[in-house]
Amino acid sequence: MSRCPALVIAAPASGQGKTTVTAALARLHTRQGRRVRVFKCGPDFLDPHWHQLASGAPVHQLDLWMTGATDCAQRLRAAAAEADLLLIEGVMGLFDGEHSVGDLAQRFGIPVLAVVDASAMGGTLGAIVHGLRHYRAGLPWAGVLANRVAGDRHAQMLRDGLADAADWLGALPRVVGDAAGGREPGGLLPERHLGLVAAHELPDALQRLDAVADALAGTPLGRMSAADLQRWAVDFGGTPVGRAAITPLLAGRTVAVAADEAFCFIYEANIDTLQQLGARVVRFSPLRDAALPACDALWLPGGYPELHADALATNTAMRGSLQAHVAAGRPVWAECGGMMALLESITLADGRRVPLWGLLPGHATMQRRLAALGPRALRMGTHELRGHTFHYSVTDSPAAVCARAQRPDHAGAPDGGEAVYRHGSIHASYFHAWFASSPQATAALLGAEAGP
């Protein structure tokens, strides 16, 4: 039986501190010698960097629509068979969205730890906790951790407001660290326009995690022993079963994957799927390398080309190597930032227009407002590739639109959704794909058969 203590770390809304608490809890127990596996609800590329650093283990996504309930069950069961603690960070608010974090917690019987930014409240915390706990009958429940608390008196006020004292799992202070170097907990994990700054971009990332883990260690939650955690043990089923066999449609092929500061939006599960398809995966850096590695197909994932536009444009050797790849008719699948880098130019947020690789006709413009957000599905013949879209730029391209990644409910105009451009051997879109949702469609995008 795959039985393991598990928590869903949720909140009443975004911005409450879920990522900080999840990473700190993972770091705390990992430091104590426990095997911790962390999952992230929903399509998120950035939070997993912090969780992987904290736990030392791969971090995968759980999403009842994008990855599917069966995929979620398999990943949880496999992790529970080898771990001492499972942590699942939620997304948005506990009950937000059609396939909410609350739905996932209830489906798998995983207790919910609510993280609430209590910096501007007192007894009202009790009302929020009561609502979260009882809004839906049968929701598994662990308790509440108050975040960004001013001090001991404030913490006591918050605790006194709870109808059930057993709900109290402690408080994290507003400022974490010593008097000279202390930071707001929100500032421990800095943000920019697409979310958190990835852990590997900060030289002191582990020290930041240790600081908040030390603060968490003083709370009732942080003082729990391995035996105490058993109160939240969950049965995830019998012996982990293998996944359905995937036809090795990419056997004998090498897929090059861009992976550096400009191209960092990579689901590790996508790499796994490419390997299960039989591909040899090699990573390279478009920022620093002079040429593509020898490969049959290329995946350019999303990331931050707008932050590295000058460096990308001046690496003319890499551009020439990419141009040769495309001229030879070898396939390219480019997602969001990967697509932007292929364009002729980009207008940055400061108004500067910067040239890019020029392998896909068109121009991108950064804007301050979010341009698109949400789940999307790409139909390719009888197959459906699921994923999401999330971008602040807009693109104007005369390239042929061969398909569109639509919202799951297909709401909106018939020509709505994210365009999938085709230009020679290039397929490009703002759509971020979850490869495991359709290995066949993934293989098609990388040249195993005709594209969409």
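Phe45 and Phe265 are both buried in this predicted model. The two rings form a stacked aromatic pair, 5.1 Å centre to centre with 5° between the planes. The pair links distant parts of the chain, 220 residues apart. Phe45 sits in the loop between β2 (36-41) and α2 (47-55), and Phe265 in the loop between β11 (254-258) and α10.

**Confidence**

- The protein chain has a mean pLDDT of 91. Of its residues, 90% reach 70 or more.
- Where is pLDDT under 50? It stays under 50 over residues 192-196.
- For residues 192-196 the model has 27 contacts beyond four places in sequence.
- Where pLDDT is low, the predicted coordinates should not be read in detail.

**Aromatic rings**

- How many aromatic pairs does a search of the whole structure find? The search finds eight. Among them is the stacked pair of Phe45 and Phe265.
- Phe45 and Phe265 also belong to one aromatic cluster with Tyr267, Tyr304 and Trp434.
- Both Phe45 and Phe265 are buried, as stated above. Phe263 and Trp357 form another aromatic pair that is stacked, with 6.0 Å centre to centre and 15° between the planes.
- Phe263 lies in the loop between β11 and α10, while Trp357 lies in the loop between β16 (353-355) and β17 (363-366), so this pair ties together parts that are 94 residues apart in sequence.
- Are Phe263 and Trp357 buried or exposed? Phe263 has 0% relative accessibility and counts as buried. Trp357 has a relative accessible area of 1%, so Trp357 is buried as well.
- Trp232 has a charged neighbour: the charged end of Arg231 sits over its ring, 5.5 Å from the ring centre.

- Helix α10 spans residues 268-276. Its buried residues are Ala269, Asn270, Ile271, Thr273 and Leu274.

- Strand β14 covers residues 332-335. Val332 and Ala334 point one way from the strand, and Trp333 and Glu335 point the other way. All of these residues are buried.
- Strand β13 (residues 297-300) runs parallel to β14, and three bridges join them. Trp299 stands opposite Trp333 in β14.
- Strand β23 (residues 426-429) also runs parallel to β14, joined by four bridges. Here Trp333 stands opposite His427 in β23.

**An open sheet of four strands**

- What is the order of the strands in this open sheet? The order is β16-β15-β17-β20, and the pairing is mixed.
- β16 and β20 (393-396) stand at the edges. Each has a single partner strand, so one side of each is left without a neighbour in the sheet.
- From one strand to the next, the twist averages 20°.
- Strand β15 (residues 345-347) and β16 run antiparallel, with three bridges between them. Ser345 has Pro355 in β16 as its bridge partner.

- Most residues other than glycine have a negative phi. Two residues with a positive phi follow.
- Met92 is not a glycine, yet its phi is near 55°. Met92 is found in the loop between β4 (85-89) and α4 (101-108).
- Met92 has a relative accessible area of 39%, so it is partly exposed.
- Arg148 has a positive phi of about 60° and is not a glycine either. Arg148 is found in strand β6 (residues 141-149).
- Why is Arg148 called buried? Its relative accessible area is 15%, and buried means under 20%.

**His49 in helix α2**

- His49 lies in helix α2. At 22% relative accessibility, His49 counts as partly exposed.
- His49 and Ala23 are 26 residues apart in sequence. In space they are 9.7 Å apart, C-alpha to C-alpha.

Technical notes:
Residues are numbered from 1 along each chain as its sequence is written. This is a predicted model: local features need pLDDT of at least 70, side-chain atom pairs count only at pLDDT 80 or more; totals for chains, interfaces and linings use all residues. Side-chain values use heavy atoms; hydrogens and water are left out. pLDDT is the predictor's confidence in each residue, from 0 to 100. Contact means heavy atoms within 4.5 Å. Buried means under 20% relative accessible area, exposed over 50%, partly exposed in between (1.4 Å probe, protein chains only). Two strands pair if DSSP finds at least two bridges between them. Rings of Phe, Tyr and Trp (its six-membered ring) pair if their centres lie within 6.5 Å; planes under 30 degrees apart count as stacked, over 60 as edge-to-face and the rest as tilted. A charge sits over a ring if NZ of Lys or CZ of Arg is within 6 Å of the ring centre and within 35 degrees of the ring normal. Axes are lines fitted to C-alpha atoms, for helices over the stretch in contact, and angles run from 0 to 180 degrees between N-to-C directions.
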